[in-house]
Structure formats: C-alpha cells, structure tokens
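User: I have a structure to study and some questions about its contacts. Can we go through them one at a time?

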Amino acid sequence: MDNRRLLYAISISLVILVLFQVIASYVLPPPKKAPPHAVAHTAQTQTAQTARTQTGPGVPAPQQAAPAATPGGTATAATASGPRLAISTPLLKGSMSLVGARLDDLVLTHYHETVQKTSPLVRLLARAGSAKSYYVQFGWDAAPGSSLKVPGPQTVWTSSGGDLSPSHPVTLSWDNGAGVTFELLLAVDRQYMFTVQQRAINHSGAAVEVYPWSRIRRDFLPQEPGSFTLHKGPIGVFHGTLHEMGYEGVKSGGKHPNAGEAPGTAYQTTNLGGWAGITGKYWLTALVPSQGRESIGAYRYLATPGKTDHGAYQVDYMTAKPLDAAPGATASATTHVFAGAKVLSILSHYQTQYRIPLFERAIDFGWFFFLTKPIFIALDYLAGVFGNMGVAIIVFTIGLKLVLFPLVRTSYRSMARMRAITPKVQALRERYKDDQMQQQKEIMALYKAEGVNPAAGCLPMLPQIPIFFSLYKVIFISIGMRHAPFALWIHDLSAEDPTNIFNLFGLIPFHPSTLSPFLHLGILPIIMGITMWGQQKLNPPPPDPTQAKMMQFMPVIFTFMLGRFAAGLVLYYCVNNTLTIIQQWTIMRSTNAAPRAAANANAKG
C-alpha cells in the first residue's frame with residue numbers, strides 16, 4: 001500500500017467530516033422535542049403546567065392586561081429609564097434598573113474590546129430599548145384564575161439603600177396594595193455570580209399561589225466573529241445532558257412551537273435543577289435555578305410584530321409547581337445568575353460550590369473534550385508559570401513532541417528506509433511499467449526483503465490528528481489566549497499575524513486583505529511555510545511524478561491557508577515543524593549510518 005494514498009484518504013475523510021459539521025450546524029434543523037426521559041408529573045401538576053406554558057415566564061395570564069414590554073406578545077422592549085441600583089465588584093461594574101427589576105447594565109472590568117488598554121471595557125449586558133439590549137429580569141406570575149396583582153415590567157421597586165457589592169447585599173421590595181409584599185434579595189460575590197432570592201410575603205387574610213420566573217433576553221442577533229466549530233446562542237443542561245441550540249435553530253423552532261406551548265417556544269422541558277443561558281465565544285450569561293426544585297426551562301424566539309426577520313432571543317425558567325404562601329407566611333425561590341467571562345477555574349469553582357451539573361461545559365470543548373480540556377489546563381498552567389502564552393505554546397509543543405517521540409520514531413524510521421529504497425522502487429516501476437500486477441508483486445517483495453512497511457510511516461500519525469484539532473479548538477476558544485501578547489509584532493495570539501507581505505509589512509499604507517482574504521500573509525505564516533518545505537524535503541517523494549509535483553505546492557497552499565489563522569496556532573506549527581525536522585533528520589542520519597558503516601567495512605576488507 002502506498003503511504004501517500006493513505007494520507008490522501010485520511011485528508012478526504014477529514015474534509016467530509018468538516019463539511020458534515022457545517023451542514024449539521026447551518027442546514028439541518030435542530031431537535032425541538034423534549035427528551036424522552038422528561039420527569040413525569042401528577043395530573044394536578046400537569047394541569048398547572050399546561051396553563052403556565054400557554055403564556056410563558058413573564059407573559060401575563062389571559063385575565064391580565066399585556067404591557068408593551070412583555071415577552072410573549074412582542075419583542076419590543078421599553079427603554080429602561082428611572083431609578084437605578086449601582087453595582088460594583090472587583091470584576092464587574094454597572095447598575096440594575098429599579099423599573100421592572102432588570103439587570104441590564106454590566107461591563108467586565110478586566111477585559112477590553114481591543115488590545116489597547118485605553119479601549120472601552122467589554123459590555124456584557126445593555127439596557128432595554130438600546131441598540132444591543134441584553135438583560136436579565138425577575139418576576140412572578142399569578143396562578144390561573146387568580147386576581148392576585150403581581151409586579152410587572154413597569155413596576156418601580158424600592159431599594160433598601162446603598163450600592164450592591166460583595167460586602168453589601170440589597171433588598172428590592174414592592175407592595176401590591178392588597179396585603180402581599182414582593183421582595184428581591186440581591187447578593188453578588190467577588191467574581192461573576194449573583195444570588196437572587198424571590199420572596200412573596202403574605203400579609204393578607206387568604207392564601208396566595210405564585211410562580212416565580214427569571215429570564216435572559218437578548219433583543220438582537222450578535223455579529224460575533226466565530227466558526228462552525230464554536231457554539232453561540234442558548235445553552236443549558238437538562239436531565240444531566242448538555243443541550244445547545246444556535247440562534248438560527250431557536251428562530252426557526254420558535255416560529256413553529258409544539259402544541260400547547262407558548263408562541264415563540266423553540267424548546268421547553270421540565271427539569272430538576274440544571275442551568276441554562278446564552279453563550280458566546282468568551283462570555284456567558286446563565287440562570288441557575290434551585291437544584292432541588294422542578295422548573296420549566298425554555299428557549300424562545302419572540303418576533304417583533306411586522307418584522308419577521310427581527311426579534312428577541314430568550315432563555316427562561318419558571319417553577320413547575322406554584323409556591324404557596326398561607327396568611328402570614330412567605331413563599332421564596334432562589335436563583336443564581338452567572339454573568340461574566342468563561343474562565344475554566346471560575347466555572348469549576350461554581351460547579352463544585354453550587355453543585356451545578358456540567359457547568360464547565362459552558363466552554364465549548366467540542367467532541368474531543370477528553371483531550372481539549374487537559375490541553376486547555378496545561379496551556380493555562382504554563383502561561384501562569386512563564387507569564388507568556390506564546391512561551392507556554394512553545395513549551396507545550398516541546399513536551400508534546402517528547403511524549404509522542406516513541407510513537408513517531410517508528411514513522412521517521414520507516415520514512416528513512418522508504419527513502420533509501422526509492423531508487424530500487426523506481427527501477428521496478430520502469431521495468432514492469434506495462435504489467436501493473438507484476439509491478440505490485442515485485443515492489444511488495446522488495447518491501448518484504450528490505451523489512452519496510454509502507455503503512456508504518458502513516459499509522460503512527462493517526463493519533464496526532466485528534467490532538468491537532470483539540471489544540472486548534474483550545475487556541476480558538478481559550479479566553480487566556482484573547483489579547484495575549486507573545487513577542488515583537490505579535491500582540492494578540494488569538495488574532496491573525498498583523499503583518500502582510502503584500503504591503504511590504506506595513507511600508508505601504510494599504511490593506512490588500514480588503515480586496516481578498518487570501519491577500520493576507522504575515523511573517524509567522526511565511527516562517528511556517530518554510531519549515532513545512534524543509535520537513536517535506538526530508539520525506540521520500542511520491543513515486544508518481546504527478547503526485548510529487550502536487551506535493552511540492554502543499555507548503556505554499558498551507559502557508560496561504562494559515563495566513564488568516566490565529567497567530568497562536570501558526571506559532572505551534574512553526575515550533576512543531578522545526579522540532580520535527582530536527583527529530584527526523586537525527587533519526588534518518590542514525591538509520592543510514594549503519595548501512596554506510598557496513599559498506600565502508602566491506603570496501604576496506
């Protein structure tokens with residue numbers, strides 16, 4: 001078997017796999033049905049749940065008047081004006097609107113929009129009614145048929161005073177004028193987690209039933225740069241399983257909800273605990289309901305009336321059963337809200353502290369998470385040790401080459417032997433060029449006589465393919481790579497090399513990439529192409545002249561392909577190729593040394 005043909009087959013398989021992922025991500029409709037193992041309910045609970053799901057969290061029941069800002073009937077949110085509650089923590093800064101109890105103003109104090117430290121801070125949440133409205137809101141629904149007055153989107157809450165900070169929790173309260181006081185007890189830690197306790201205090205003479213709910217609402221489709229390998233949009237864990245649905249899937253599913261579900265519902269299920277939110281490449285906003293109480297979780301698309309291509313994306317939770325408050329009693333429910341950067345150590349801490357299932361999987365580790373996560377951890381650790389993510393990539397690559405050396409040594413030795421007998425193979429091809437069957441027999445006999453296995457040079461490389469994809473994934477998704485400088489002209493390892501040979505590396509004030517993305521070729525990709533060319537020269541050429549000519553163009557093709565890749569990945573390629581050249585040259589020299597020594601001894605004898 002020709003090892004080159006095997007490599008071609010592997011490459012074609014990978015291309016098919018990538019194309020399938022693209023089709024699955026953008027063409028095939030996502031599943032909308034609830035998992036078959038959904039929790040069963042009693043007839044009484046089913047009746048209450050059906051009544052609730054016909055409206056949805058925050059959507060007024062039929063007997064209530066529907067304010068303009070409710071999510072069920074319109075995707076237009078009223079501008080959040082009025083009194084606000086200031087929020088200040090070491091990692092967060094912003095405010096909360098006391099009108100409607102919206103957490104709608106939040107920036108991340110440790111992250112900037114660009115590599116320039118003078119650039120604006122990353123804004124995670126924005127006020128309702130703004131161009132990029134994105135907020136978290138809390139409320140209650142009354143039981144079906146009840147005349148209980150509950151807070152609405154325009155309710156003005158009263159604060160207990162002071163700013164919300166890790167050392168100072170705040171209570172928001174509102175009296176419905178009929179003997180029931182609603183409260184939001186707000187607390188925040190020193191990182192990214194809010195704790196919100198919703199309480200209904202019953203001072204009336206009759207029992208009340210309420211359904212506390214919480215929601216995350218995004219009134220626009222983010223134009224976040226990304227890749228088909230990265231999930232963006234609603235994400236959550238229901239019944240112990242990670243459930244992702246992209247924005248397009250939510251939009252298409254919301255236009256055709258299942259029978260009995262609220263308008264715009266793309267996915268809905270009843271679950272004990274879990275969590276759900278909206279994720280991007282680096283940031284996450286998530287709701288974590290009480291892990292010991294059944295809640296109804298949903299992904300929704302709320303279309304704007306008259307604008308079929310514009311609407312809001314919403315993730316929400318509501319208690320599956322009503323909370324009862326007898327006269328003089330209090331009904332309460334607690335929800336945690338994560339709003340911040342997807343730092344693995346922080347997510348892991350919360351996963352353990354609050355027993356949140358699979359909270360770490362908010363980071364999109366992909367199919368090979370069993371490889372991606374260890375690589376992620378290793379690079380993060382090395383970056384902490386050396387203080388430079390680029391150095392961490394170099395050290396990691398060296399360590400990886402050492403670990404895989406026993407495996408690839410077989411490949412290099414096989415290539416060395418193949419290169420040594422290439423003239424003999426060529427001679428047999430010429431001798432039996434008119435008899436293909438006999439030619440193959442003679443070549444296989446030569447391989448057997450020389451102790452060469454043509455497949456041995458390729459098979460040890462197969463385990464390295466998942467490692468490459470995992471490393472690509474880590475460099476693409478790691479927040480530690482974002483705006484991480486390396487050296488000289490590389491100021492952001494998560495972005496492409498900023499230099500370009502087509503404008504003489506900045507001497508000409510022109511950006512050729514504006515004409516075509518292929519007209520961007522920086523210094524680092526050029527170095528990578530040179531190392532790839534050097535590596536190719538050490539490998540035996542394909543016996544087929546046409547294949548040999550095609551292979552000569554591979555370094556050029558890959559140089560242009562990786563020209564727009566993240567500098568961190570190209571740096572890995574440069575270091576990996578250089579180490580491969582050293583290893584391969586050393587092994588080939590040692591492999592050829594024995595035959596040369598034997599030949600010299602025979603000549604002297």
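User: Is Asp104 buried or exposed, and at what relative accessible area?

Analyst: This is a predicted model, and the values here are computed from it. Buried means under 20% relative accessible area. Asp104 falls under that cut-off, so Asp104 is buried, with a relative accessible area of 0%.

User: Which residue forms a salt bridge with Asp104?

Analyst: The closest N and O atoms of the pair are 2.3 Å apart. Asp104 lies in strand β3 (residues 102-112), and its partner lies in strand β1 (residues 84-88). The two are 20 residues apart, so the pair links distant parts of the chain. The partner is Arg84.

User: How many salt bridges does a search of the whole structure find?

Analyst: The pair of Arg84 and Asp104 is one of them. Arg123 and Asp105 form another salt bridge. The search of the whole structure finds 9 salt bridges.

User: Which is buried and which is partly exposed, Arg123 or Asp105?

Analyst: The cut-off for buried is under 20%. Arg123 has a relative accessible area of 45%, so Arg123 is partly exposed. The value for Asp105 is 12%, so the buried residue is Asp105.

User: Why does the salt bridge of Arg300 and Asp316 tie together separate parts of the sequence?

Analyst: The closest N and O atoms of Arg300 and Asp316 are 2.5 Å apart. Arg300 lies in strand β16 (residues 294-304) and Asp316 in strand β17 (residues 307-319). The bridge therefore ties together parts that are 16 residues apart in sequence.

User: What are the relative accessibilities of Arg300 and Asp316?

Analyst: Buried means under 20%. Arg300 is buried, and Asp316 counts as buried too. The values are 3% for Arg300 and 0% for Asp316.

User: How are the rings of Phe338 and Tyr350 arranged?

Analyst: A search of the whole structure finds 23 aromatic pairs. In this one, the ring centres are 6.0 Å apart and the planes are at 75°. Planes over 60 degrees apart count as edge-to-face. So the pair is edge-to-face.

User: Which elements hold Phe338 and Tyr350?

Analyst: Both residues are buried. The pair ties together parts that are 12 residues apart in sequence. Phe338 lies in strand β19 (residues 330-341), and Tyr350 lies in helix α4 (residues 344-353).

User: Which residues form one aromatic cluster with Phe338 and Tyr350?

Analyst: Phe338 and Tyr350 are an edge-to-face pair. Both belong to one aromatic cluster.

User: Which residues have the most contacts inside the largest nonpolar core?

Analyst: In soluble globular proteins, nonpolar side chains tend to be buried together. The largest nonpolar core here has 115 residues. Its largest share, 8 residues, comes from helix α13 (residues 567-604). The residues with the most contacts inside the core are Phe182, Phe194 and Phe338.

User: Is Thr499 buried or exposed?

Analyst: Thr499 is found in the loop between α9 (464-477) and α10 (523-538). Its relative accessibility is 13%. The cut-off for buried is under 20%, so Thr499 counts as buried.

User: Which side chain makes a polar contact with the side chain of Thr499?

Analyst: The side chain of Thr499 has a polar atom 3.0 Å from the backbone nitrogen of Ile523. A side-chain partner lies at 2.7 Å. That partner is Asp497.

Notes: Residues numbered from 1 in each chain as written. Predicted model: local features only at pLDDT ≥ 70, side-chain atom pairs only at ≥ 80, totals over all residues. Heavy atoms only, no water. Phe/Tyr/Trp six-rings, centres within 6.5 Å; stacked < 30°, edge-to-face > 60°. Helix = DSSP H or I, 4+ residues; strand = E, 2+ residues; numbered from the N terminus. Buried < 20%, exposed > 50% of the residue type's maximum accessible area, 1.4 Å probe, protein only. Polar contact = N/O pair within 3.5 Å; in protein donor to acceptor, adjacent residues only side chain to side chain. Salt bridge = Lys/Arg side-chain N within 4 Å of Asp/Glu carboxyl O. Core = buried A, V, L, I, M, F, W, Y, C linked by side-chain atoms within 4.5 Å.
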